[in-house]
2 protein chains.
Amino acid sequence: MSIADAQTVSHGPCSNAAEWKSQLESASGLPESYSLTKTLVFKPKTPKSQTAVLIVLVALEDTNTPSSLIAKAVDVKEPRMAAADAVQTALGVEPANVSPLSITKENATAVQVVLDSRLVESTSKIAVHPSKSDVTVFISGAEIKTHLEGTGVKVTVVEFGLASVQAASKEVAKASPVKVSTKKDSEIHGAELIGITTRKEADFSNWYQQVLTKGDMLDYYDISGCYILKPWSYAVWEKVQRWFDDNIKTIGVENCYFPMFVSAKVLEREKDHIEGFAPEVAWVTKAGSTDLEEHIAIRPTSETVMYPYYAKWIRSHRDLPLKLNQWNSVVRWEFKHPQPFLRTREFLWQEGHTAHMTRKMAEEEVMQILDWYSGVYSELLAVPTIKGKKTEKEKFAGGLFTTTVEGYIPTTGRGIQGATSHCLGQNFSKMFNIIVENPDWKEGDPEEDKKVYVWQNSWGLSTRVIGVCVMIHGDNKGLVLPPKVAAHQVVIVPCGLTARTTDEERKTLLEGVSEIAVTLQKAGIRVKADTRETYSPGYKFNDWELKGVPLRIEYGPKDIVKKQVLSVRRDNGEKTPIPLDGLASTIQTLLDTIQSDLYIKAKKSFDEHTKIITKWEEFTPALNAKNVILIPHCDREECEDEIKERSKGTNEGGEPEDAKAPSMGAKSLCIPFEQPTGEHAIVPGTTKCTQCGENAKHYTLFGRSY
Amino acid sequence: MSIADAQTVSHGPCSNAAEWKSQLESASGLPESYSLTKTLVFKPKTPKSQTAVLIVLVALEDTNTPSSLIAKAVDVKEPRMAAADAVQTALGVEPANVSPLSITKENATAVQVVLDSRLVESTSKIAVHPSKSDVTVFISGAEIKTHLEGTGVKVTVVEFGLASVQAASKEVAKASPVKVSTKKDSEIHGAELIGITTRKEADFSNWYQQVLTKGDMLDYYDISGCYILKPWSYAVWEKVQRWFDDNIKTIGVENCYFPMFVSAKVLEREKDHIEGFAPEVAWVTKAGSTDLEEHIAIRPTSETVMYPYYAKWIRSHRDLPLKLNQWNSVVRWEFKHPQPFLRTREFLWQEGHTAHMTRKMAEEEVMQILDWYSGVYSELLAVPTIKGKKTEKEKFAGGLFTTTVEGYIPTTGRGIQGATSHCLGQNFSKMFNIIVENPDWKEGDPEEDKKVYVWQNSWGLSTRVIGVCVMIHGDNKGLVLPPKVAAHQVVIVPCGLTARTTDEERKTLLEGVSEIAVTLQKAGIRVKADTRETYSPGYKFNDWELKGVPLRIEYGPKDIVKKQVLSVRRDNGEKTPIPLDGLASTIQTLLDTIQSDLYIKAKKSFDEHTKIITKWEEFTPALNAKNVILIPHCDREECEDEIKERSKGTNEGGEPEDAKAPSMGAKSLCIPFEQPTGEHAIVPGTTKCTQCGENAKHYTLFGRSY
Ligand SMILES: [Zn+2]
Ligand SMILES: [Zn+2]
């Protein structure tokens, strides 16, 4: 197939990548998956006596291509964006119209090409303008390379980085300083605001990365597994913090701070517990140039950090309950593939650690906290979860039992642990000797009842909540933030200003916008008036859609006349005019509706994909159809192991194999507190385990999981 | 001198250490500095066939003496508190009356003694009851040892730890679990609530430790230089956080979170800057059992962590200003002697990092932030500070200039840096290449003006504020917390309940207490009703005084009749009856008065101890008289070095030497923005530097400093 045969689409002209993306979105007949490109022309520093050979960079739009790396790759000095006339002279086109197809046998000696290895290797189609901005052809990266090589131009393939965004930040940190600021401002902003180029359904992992970075939630960091929480995501965390913190304070939990460092001896005190964490513990062995005599761990969690002091502080039943909480960060140096918010080497969380006189008190608190974890998801993040108990196999190491809220990611059909509230029983108190005298003990009672080992809980909720929220609500335009956690709930965009607008009209409009903002703000609505002058309304619409602001308000000259605004919902695109009269309360109602609609939609999806299965042969197919599965289960750990093994999608036992099914086996997510009833109810001694045929004890929820 | 000659004081009987302390406080003729002791009798596990040799522990009251260590020291099993009859049999006195002096040649074989090494080595006098609780003798630790050895009893001196509280926590963490809970609850509580045993003026460092640990602010940790922030101090931090965070958000600062880890390369990017931190950087070199290929630092501050991303994110002047802040912890592995809150290896703080288009904008922000730092001290902590600029010698390494708020600790006469707000200028932006195009650049302007390196600030405020607040306001009864930051502003203690009180009267009184609490709470006052049943009002008074609650309300049967409460101010002990009618507003006014009186008192002290000195020979004597000193100064770094050297208190240049003067030299604290005027004003070319005689540029504040 030659380039002449390539799929070609005509559309409106576009002066930057955002416009390009938006033009393509309204076009038809596109490939299922494609990537935008950028073609930039650089001029290296060249002695005056010589003619510069320009460098044409052809790269995927989202590859970070610092000029320092270009300089290194082709051994030139200080490459800068080439002036328009130099580009015209060399390639016969304007800089804006340069594409890989601008290079021909005729002009091949005037330039050299730096080609992004990601583009060459991409399995998606590559979108390029063949000549002008109103036409796009879709060809493969290999075809572009073949074409270029056919012209005789010097081509250097450069590996800017393995993954777009990862590379970007690595470069920032490792390479010599990135030179981006010599581009014209307009170009930079054009290049910066890029919509999501991968569809959520097509490549979820890439979509997730893009939605987080382009939605301004997070940036990648030069240390693998660590991420920067930008203000846009940190604001979500602040909302979660405030809500949860206010709640736990009502039951007397107090905040405190324990050091991040733990000595090896203390860390290793509880054996079962530490076995779970040991492989992931980060060790400080040096300070300045001094080797430390004893290596010091960074807390992976604080049980062993805190409990020696609980033994010291709790001297009497009158010191109970002791309820402490910390908002801190912990470090688990996982070697598995990291994923922003879901699996990171350092993460922010809260960890509550409490001690009680009786098991009953401890258990009541465990459930109360679990309710609030469920509330963080349902009330704030509009995410439904299933509450339940972890199986023995999956519970917190060293604890008595673990309760959990489990979520569901529809796109991948995988379950995700939301937060866990553990009853530690007396295991840690025995290990750390946290004892009080029993105030009810009387002469004559058994001697061993005189002392009571306290009953303990620990419970934690992390920034993972942000990842779950993004994965569930985000769409192909970017983030969708629930109103309760969005930093801005409403953005107001002044519209309808043209070259013919008078200064007076402009002033009136902006005053109107400002009044609307003040009105909403006074009503407690988090509102942003986007009055940036150099951006078009269309640019702003894209910008805030990408960032997931729940509601957009458009306000233009016609609205002034009609005394209304136009509201546009981020979640479903619905446009509704709203009268200025009573605006704040209408908007508040609309925000509440958005919040609740997001929840309802996610709940429906979770419900529809929670299947009750009683025949094993239906198990893996249901899993492959993106379901989580409730089966009557025997509660045996070995049976869980077998389920995991048998559901890996290999052809075993005659169940049909599906080439597309992920290879991961299913694990137990929880034993839901709310068990199926009626016809489905387990009949003890009669209902059998779906996998092994032994007597079933509970319905257990299984699924592929994060 | 024999024990018979020892200083003896009679007083009322006391059944626990708190009462003892309180009895001594009202006695006269005490030594300037003394320590309370505890004498406890243990019985080790002994085969039934043998007679147990009891163990008499003689220790300073605040030495942590876990029974596990006693067991180890004298090689016995499971020592437990001895029963009263066993003590009576062995020593002929009741357990409560046992003292080192109870041991005589006659009973020396029935017991053995474990003697606290701190007690033996103490330079303070040691307070012991010679026979009963209503008499105290003051003798030296050495005398106690001599006495004991004279009886022939077996004496084992045990080093429970180097410093009382430090030892306590080390034991908790390192030794086998501490057994305290087998004591009777009443005894534990008696032993636990101990007033401050060192006077603030006598041994400030020890006083500070005691006030923090006994006031429940902090506990020592088994890793040196790390401390546990208990809820009582963390609550102060939360108040500071909320106030400052609300303020910075009004100028558009946003919170975010950057990883705690920094790669070596990035850390070392800015040379001047890193030189300041390198010796104190903690390095992670291992994860689990895997050695990391590249060592990873824990941030000592985040300039080099964040700025590579500023270079990436700031692409246009429209991205300015960028104003980010983090609430996090940083690690500086200092090898100097650590001090809670003031010099710790990990500490909590906020660090703001901002980038601006112009120097003017940056400087305005630096000053705005400094005002808020000053506000944290003056408004919340009731601590006066002096605002000024650091000298070149003392400024932040790598920055352009540093502004600071400097405080003063009257007891030691030392200055203390409160918080710093740095203008970094363009140094970091040049290093990290943070550039934007100049929007005002026109064709014809110099080419080099086309790009602008951004102007940057960084500013930080740490938990040090808590230490300063404690040092300034605390007294010999414990903490004194300013109302604005106290977790509880008011504590209500029901009084006047006796054995003759009827259930009905008790009920009425407690309902009254509850009503008062609700009334105050509704008015936004943070109130605690201390209705604990097992404690006496006196115990509660001591307890809350130790913890520094600003206002105590006593409410008893007589108050019910008079429709009033009795208020007692923590800061000055003033007692005032307040009618129930209008209670909340009267209390609020009183809290405001306490807040302002604390500030006024501290301000008066600071003012009185800020001396203008123009003759060098007066400099060191003024320093030794606990002053900070303003001198006309030449602004030269070498002159500062000389001042430091010459003020060390050694006899040099003829100035009088004072044996009591600390050896530390004075350093410059700041060049105050508010310079002396009138007769003191510097006349350029005429006024000379007090130290070197060169022309003076500014008044500079010098002092011994933390
Ligand atoms: Zn089974
Ligand atoms: Zn001088």
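Two strands are taken to pair if DSSP finds at least two bridges between them, and helices (H or I, at least four residues) and strands (E, at least two) are DSSP runs, numbered from the N terminus. The structure described here is a predicted model, in which local features need pLDDT of at least 70 and side-chain atom pairs count only at pLDDT 80 or more, while totals for chains, interfaces and linings use all residues. Residues are numbered from 1 along each chain as its sequence is written, chains are lettered from A and ligands numbered from 1 in the order in which they are written, and side-chain values use heavy atoms, with hydrogens and water left out.

Strand S13 (residues 282-287) of chain A and strand S13 (residues 282-287) of chain B run antiparallel and are joined by five bridges. Within this pairing, A:Ala282 has B:Ala287 as its bridge partner, and A:Lys286 stands opposite B:Trp283. Strands of a sheet pair through backbone hydrogen bonds, either parallel or antiparallel. S13(A) also pairs inside its own chain, where four bridges connect it in the antiparallel sense to strand S14 (residues 290-298) of chain A. A:Lys286 stands opposite A:Asp291 in S14(A), and it stands opposite B:Trp283 in S13(B) as well. S13(A) and S14(A) form a hairpin with two residues between them, and A:Gly288 in the turn has a positive phi of about 60°. Because five of its six residues are buried (under 20% relative accessible area, with exposed meaning over 50% and partly exposed in between, for a 1.4 Å probe and protein chains only), S13(A) is largely enclosed by the rest of the structure.

The interface as a whole brings 88 residues of chain B into contact (heavy atoms within 4.5 Å) with 89 residues of chain A. The size of an interface is often given as the accessible area lost when the parts come together. By this account, in which buried area is the accessible area (1.4 Å probe) that two parts lose on being put together, summed over both, chain B and chain A bury about 7,900 Å² between them, 58% of it on carbon and sulfur atoms. B:Tyr257, B:Arg315 and B:Arg318 supply 10% of the area that chain B buries against chain A, which is more than any other three residues supply.

Four salt bridges (a side-chain nitrogen of Lys or Arg within 4 Å of a carboxyl oxygen of Asp or Glu) are found across the interface of chain B and chain A. A:Lys249 forms a salt bridge with B:Glu238, and the closest N and O atoms of this pair are 3.3 Å apart.

Within chain B, eleven strands form an open sheet of mixed pairing, in the order S11-S15-S16-S22-S19-S18-S17-S30-S31-S29-S28. Strand S11 (254-255) and strand S28 (610-612) of chain B stand at the edges, each with a single partner strand, so one side of each is left without a neighbour in the sheet. Strand S16 (residues 346-356) and strand S22 (residues 455-462) of chain B pair in the antiparallel sense over eight bridges, and B:His356 stands opposite B:Trp455 in S22(B). B:Thr700 lies in strand S31 (residues 698-703) of chain B and is buried, with a relative accessible area of 0%. Leaving aside neighbours within four places in sequence, the residues in contact with B:Thr700 include B:Thr391, B:Ile629, B:His633 and B:Cys670.

Over all chains, a search of the whole structure finds 70 salt bridges. In one of chain B, the side chains of B:Lys390 and B:Glu406 meet at 2.7 Å, N to O. This pair links distant parts of the chain, with B:Lys390 in the loop between strand S17 (386-389) and strand S18 (401-409) of chain B and B:Glu406 in strand S18, 16 residues apart. B:Lys390 counts as buried at 6% relative accessibility, and B:Glu406 likewise counts as buried at 1%. In chain A, the side chains of A:Asp530 and A:Arg532 meet in a salt bridge (2.9 Å, N to O), where A:Asp530 is buried, with a relative accessible area of 0%, whereas A:Arg532 is partly exposed, with a relative accessible area of 31%.
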